[in-house]
Amino acid sequence: MKKVLLIEFSQSGQLSEVLRSFSRALLDAPDVRVHIETLRPRQPYPFPWPILRFFDTFPEAVHLDPPQLEPLSLDARERFDLVIVGYTVWFLSPSLPITAFLKGPQAAELLRDTPVVTVVACRDMWLMAQERMKELLAAVGARLVGHAAFTDEAGTAGSFLATPVWVMSGKKGPHLGGLIPRAGVHPEKIRGAVRFGARILERLRAGAALDESLLRGLGAVHVNERLISSETFIRRGLRLWGSLLRALGPQGAWVRKPVLLVYILWLVVMILTVVPLGVLVKALLTPLTRKRVAAQKAYFGAPSGSA
Ligand SMILES: Cc1cc2nc3c(=O)[nH]c(=O)nc-3n(C[C@H](O)[C@H](O)[C@H](O)COP(=O)(O)O)c2cc1C
């Protein structure tokens, strides 16, 4: 009997839906036991999010400052043939409950020397979050063998408003007669995720060691090279503002609120200027930077390979 551990934290249920489809073949296989571990923060995060509560979460998210979790439902000494870490992105970082698990006392025991596949479902900015994920996994001695990314169907521009409106209203839309498109990952993409579980099942049954070829050739990730510099730039800003806000007080402290309002303004200006500018400069420089961009795409697409 092969054993797979699936770790998840999803607020609306979208990531869970992606993960159920991703692991469908494993869940249905009589010779595989899948343990689903749903993380439970001791102090639940709201959904939908009040606007200030939403932004007040970023300092801790970008500084990987973990909240407390309820105890896990499994014995950390158990060994698994594969661990699937499903996560969403909060402010270019893994969501805080996932960070808490990976920095918690049991992650090292559960994940050491174990093949791990990461599955992300987010708006469309996951590159920096996956860098943090790689660091957190390396710190506990896990072996990253695959990564799959599912992004919102509205694309970079369309999801800029659609995703925040969704997480702050609880409604996916479309809104305003289609002016704000539907948020979330396209259902077709979610259904198509069954191909990954089928590949994993095949490899597990073959008794082959799970290595970095596990999800290759399946279109597991698409690296939008135009977002690399914008994500890097925005993350730097988030870390700076985050340090300031953390110095002022803990999450929820009233002294953070006025600074948060200034930060929100800064963020909107950055997203409306730096992101399109970054995209434009990247497009103009494409003929000169083809080699470098190909190397970046290969780096961020690893280990599954960018489609
Ligand atoms: C606090 C917060 C911050 C977010 N920041 C990002 C982000 O930086 N990049 C991104 O692509 N998506 C971001 N999202 C969208 C989420 O990654 C995800 O798509 C959405 O919250 C739905 O996930 P769920 O399965 O937990 O409901 C953010 C969502 C929340 C709630």
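The C-alpha centres of domain 1 and domain 2 lie 22 Å apart, with domain 1 covering 2–223 and domain 2 covering 226–299; these bounds come from an automatic or database domain assignment. Keep in mind that this is a predicted model, where local features need pLDDT of at least 70, side-chain atom pairs count only at pLDDT 80 or more, and totals for chains, interfaces and linings use all residues. Residue numbers start from 1 along each chain as its sequence is written. Helices (H or I, at least four residues) and strands (E, at least two) are DSSP runs, numbered from the N terminus.

- Domain 1 puts 16 residues into the contact and domain 2 puts in 19, with two residues in contact if their C-beta atoms, placed from the backbone, lie within 7 Å.
- On the domain 1 side, the elements giving two or more residues are α3 (51–55), α4 (58–62), α7 (127–139) and α8.
- The top contributor on that side is α4, with four residues.
- By class, the domain 1 side has twelve nonpolar, two polar and two charged residues. Here Ala, Val, Leu, Ile, Met, Phe, Trp, Tyr, Cys and Pro count as nonpolar, Asp, Glu, Lys and Arg as charged, and the others, Gly among them, as polar.

**The sheet**

- Five strands make an open, parallel sheet, and the order is β2-β1-β3-β6-β7; strands pair if DSSP finds at least two bridges between them.
- The edges belong to β2 (32–38) and β7 (143–151), and each has a single partner strand, so one side of each has no neighbour in the sheet.
- On average, neighbouring strands are turned by 15° against each other, direction ignored. Axes are lines fitted to C-alpha atoms, for helices over the stretch in contact, and angles run from 0 to 180 degrees between N-to-C directions.
- Packed on the sheet is α1, which touches β1, β3, β6 and β7 and whose direction makes about 135° with that of β6.
- Going strand by strand, β1 (residues 2–8) and β3 (residues 82–87) run parallel and are joined by four bridges. L5 sits opposite V83 in β3, and I7 has V85 as its bridge partner there.
- Five bridges link β3 to β6, again parallel, and I84 has V117 as its bridge partner in β6.
- Eight bridges hold the parallel pairing of β6 and β7, with C122 opposite T151 in β7.

**What is covered in the sheet**

- How many residues of β3 are buried? Six of the six are, so the strand is largely enclosed by the rest of the structure. A residue is buried if 20 or more other C-beta atoms lie within 10 Å of its own, exposed if 12 or fewer, and partly exposed in between, with C-beta atoms placed from the backbone.
- L82, I84 and G86 point one way from β3, while V83, V85 and Y87 point the other way, and all are buried.
- As for β7, seven of its nine residues are buried.

**Around the ligand**

- The ligand is surrounded by 21 residues, the closest being S10, S12, L15, C122 and R123; a residue is near if its C-beta atom, placed from the backbone, lies within 6 Å.
- Elements giving two or more residues to this shell are α1 (14–22), β4 (89–90), β6 (115–122) and α8 (155–169).
- Twelve nonpolar, seven polar and two charged residues make up the shell.

**Single residues to look at**

- L92 is in the loop between β4 and β5 (93–94) and counts as buried because it has 23 C-beta neighbours inside 10 Å.
- Leaving out residues up to four places away in sequence, L92 touches V62, M125, M128, A129, E231, I234, R235 and L238.
- R236 is in helix α11 (residues 228–248) and counts as exposed, with 12 C-beta neighbours inside 10 Å.

- The G173 to P174 peptide bond is cis, with omega near 10°, and P174 lies in the loop between α8 and α9 (187–192).
- Another cis bond runs from A302 to P303, with omega near 5°; P303 is in the segment after α12 (256–301).
- D113 has a positive phi of about 55° although it is not a glycine. This residue is in the loop between α6 (107–111) and β6 and counts as exposed, with 9 C-beta neighbours inside 10 Å.
- L176, also not a glycine, has a positive phi near 50°. L176 lies in the loop between α8 and α9 and counts as exposed, with 10 C-beta neighbours inside 10 Å.
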